[in-house]
Amino acid sequence: MAKELIINSVESFEEALPVIRAAQKEFSTFTQEQVDEICEKTAMAVSKMRIPLAKMAHEETGYGIVVDKITKNQYASEHIWNYMRTAKTCGIIDENPAFGTKRIASPKGVIAAITPTTNPTITPLVNGMCAVKCANSLVVSPHPRAKNTTMKTVEYMNEAIIAAGGPADLVQCIDQPDVDVSGLLMKKVDVVLATGGPDMVKAAYSSGKPAFGVGAGNSQSIVDRGIDFDAAAADIIDGRTFDLGVICAGNQCIHVHEDDYEAMKAACVKAGAYWADEAGEVEKLRDTLFVNGVLNKAVIGQVPATMGKMAGVAIPEDRTAMIIKASGTEDVLC
């Protein structure tokens, strides 16, 4: 059986943690070659199931586009593994005979991964690959609205780990995530990886344990003068519309010289964007996208036409992105 432990309460987590630590202690004795084989098998297991996992994520969360989720699942498994496969992470990783020094990699222990509803497969997978590659164990705390997809992802990872000769309890997932269990998890483990909203990231940094927080990180697009606006607009729109913008690497804002405003506007419309700069429309959309200055969760991962209906603005069905003229740097739209 791929998953031996059931973690659905504070009490069950406290009972499971020594078992997970024992699995990690056993795993820390594995060679680099053994660790790499287990990590690779884990990545390929999720890649093999990239299509059903993408469909499951879309059905459970209602976010994004299935075909883009398939791409993300494949990239996160195969490409990221290829990137890290040659890294030395176990035992002696560097030696300098001239100085008589050696660098020895040491596992941290048990890693906690707080994962978001927007990326319920690739976040636990990449966190898991990083943990396993360095001979650590992992406990995933999924977002409640995406827990079934995350649990299924962890199940595939576990099956691969066990089939490759790894410890049965190395990677686990909380079955019934809530604030109490997640809070205890962050306090009891050795390192916290938190991917989510500001409150979750703040909680990770306040846990008293080393933490790496990943929140909203959408990029700014600064458009220089005298370039191909059509090409720039196409790239920006592609970046924004991938999986309907649920990844935190999507293009967020466009900064363009005032003299090039109309040229860039035309290029974005040509690339498929709906450009809203009429004051009444902008106000309606702003008030719908942000409620009291906070992003409205109902608009996440939705197409422009759907968001337009929420705001009472008619946006054509063929528009793939929506661009709203901000009123200044203090505007929530920036």
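Biologist: What makes up the lining of the second largest pocket, by class?

Modeller: Nine nonpolar, three polar and one charged residues. Nonpolar means Ala, Val, Leu, Ile, Met, Phe, Trp, Tyr, Cys and Pro, charged means Asp, Glu, Lys and Arg, and the others, Gly among them, are polar. Mind you, this is a predicted model, where local features need pLDDT of at least 70, side-chain atom pairs count only at 80 or more, and totals for chains, interfaces and linings use all residues. Residue numbers start from 1 along each chain as its sequence is written, and side-chain values use heavy atoms, leaving out hydrogens and water.

Biologist: Which of the 13 lining residues lie nearest the pocket's centre?

Modeller: Lys108, Ile111, Cys130, Cys134 and Asn136. Helix 5 (122-133) and strand 6 (191-195) each give two or more residues to that lining. A pocket is an open set of points on a 1 Å grid over the protein atoms alone, where a 1.4 Å probe fits, with protein on both sides within 12 Å along at least five of seven lines; lining residues have an atom within 4 Å of a point. Helices (H or I, at least four residues) and strands (E, at least two) are DSSP runs, numbered from the N terminus.

Biologist: How many bridges join strand 6 to strand 7?

Modeller: Four, running parallel; pairing takes at least two DSSP bridges, so strands 6 and 7 pair.
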